[in-house]
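Please consider the following structure and the explanation that accompanies it.

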Amino acid sequence: MASTGFVVGFLVAVIAFSVLSIIPDSDPRIVRLQSRVNLLASELAGLFSRKNVAGTASQESIDTCEDSGKLFTVDSLKAYDGSRNSLGLHIAIMGKVFDVSKGTKHYGPGGGYSFFSGRDGSKAYISGDFSEEGLTPDVEGLTPQDMIGLEDWVKFFNNEYTYVGKLIGHFYDERGVPTPNLKAAQKSIEEGRRLKANDAEHKKQYPPCNSEWKQATGLRVWCSNKSGGISRDWIGVPRKLFNPSTNKQRCACIKESELHNPHLRLYDNCPLRSASCKGDT
Ligand code: HEM
Ligand SMILES: *[C@@H]1O[C@H](CO)[C@@H](O)[C@H](O)[C@H]1NC(C)=O
C-alpha cells in the first residue's frame, strides 16, 4: 500500500517539480518544494483516513502538562514498535506520543514508514532523511518555515490518531514539563508564523507579474489587476524586485507611489510606465 502510495506520490512530486521549475521568475518556491511535498503527503494521507476527534488533546493542555497522558522513556517507547511481542504501535513527534495502531499499514512492521514507530524522529518528518542519524528529535538547524511544517505534522497526528502521552528526554523532562528544547522549538514556530504573515503582506504590496514564454518572443512579463492571484483596484508596472536576504529576484507589479523602492530594477528596454515588458531569461 505504502509502495503504491510512493509511486503515485512520486509522480505527483515529479510533475509538481517540473511545473515549478518552468515558472520563470519564480521566487524561492522550488526551495520550498520539500515542505510542499510534505504537506501534500499529509493531505493525501488525510484523504485516506477518517477523523479521530475523541483522541484529540489540545496543544495547550499537552504543553501545560494538564493532560492525563502517560509518560514514556526512550526505552519504554521502543516496546511500542508494532512487532509481534510489542505492547502496541506508537510514534512520538515533538515529544508527544500517539497511538497509531489504526495506521499499522504505514507504521507497522513492513510498512513504508515503520522507521517512525517506537521513537521520536521529529527531524525526519521535515528532512526526509530516514537513516538512523536522520531519525532524531533534535530539530536544531531547521528553519522557522521548516518548524511550521513540523507543527503541521503534529496537528496531523492530533487529528488522525490518539494522543497518549509524552516522551521524557528531548522535549519534556521526567515530570512532563517542557524542556528548553521545546521552548526553543515553539519560539521558532512563532517566528515562522510571523514570517508567513509578513510574506502574505509583502505579496499583497508587491503582487507577482503574469508571465508567459513563447519560442518566437521569449519571456514576457506584464501586470493586470489580478496578477499573482491578487485582486486589486490598481494594475502597476513590472519591475525586478530583489530580495536581499535570498539574493533572488522576481517580477513584481509596482504602484506608482512605490516606484522609488531601492530594491527595484527596471527591465531592459522597457518603457518606464509600460504594463508589459520583455523578461530576462
Ligand atoms: C519528508 C518526506 C516524507 C515524510 C516525512 C512522509 C511521511 C509520511 C507519513 C508519516 C505517512 C503516513 C500518514 C498516515 O499516518 O496516514 C505518509 C503517507 C504517504 N506518503 Fe509520505 N512522507 C514523505 C514523503 C513522501 C513522498 C516524497 C511521497 C511521494 C513520492 C509520499 C507519498 C505518500 C503517500 C501517497 C502516502 C499515503 C499512503 C497510503 O495511504 O497508502 N510521501 N507519508
Ligand atoms: C479589473 O479589470 C477588469 C477589466 O479588465 C474590470 O472589469 C474589473 O472591474 C477590474 N477589477 C478591479 C478590482 O478593479
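A residue is called exposed when its relative accessible area is over 50%, and buried when that area is under 20%. The structure discussed here is a predicted model.

With that cut-off in hand, one may turn to Asn269, which lies in the loop between strand E9 (264-265) and strand E10 (276-278). Its relative accessible area is 82%, and Asn269 is therefore exposed. The backbone of Asn269 also deserves attention: its phi is near 55 degrees, a positive value in a residue other than glycine.

Asn247 is placed in the loop between strand E7 (237-243) and strand E8 (248-254). Although Asn247 is not a glycine, it has a positive phi, of about 65 degrees. Asn247 counts as exposed because its relative accessibility is 67%.

Attention now passes to the buried side of the definition. Helix H8 comprises 26 residues, 180-205. From the first C-alpha of H8 to the last, the helix reaches 37 Å, close to the 38 Å expected at 1.5 Å a residue. Which residues of H8 are buried? They are Leu182, Ala185, Ser188, Ile189 and Gly192.

Tyr113 itself is found in the loop between helix H5 (104-107) and helix H6 (124-127).

Note on methods:
Residues numbered from 1 in each chain as written. Chains lettered and ligands numbered in written order. Predicted model: local features only at pLDDT ≥ 70, side-chain atom pairs only at ≥ 80, totals over all residues. Heavy atoms only, no water. Helix = DSSP H or I, 4+ residues; strand = E, 2+ residues; numbered from the N terminus. Expected span 1.5 Å × (residues − 1). Buried < 20%, exposed > 50% of the residue type's maximum accessible area, 1.4 Å probe, protein only.
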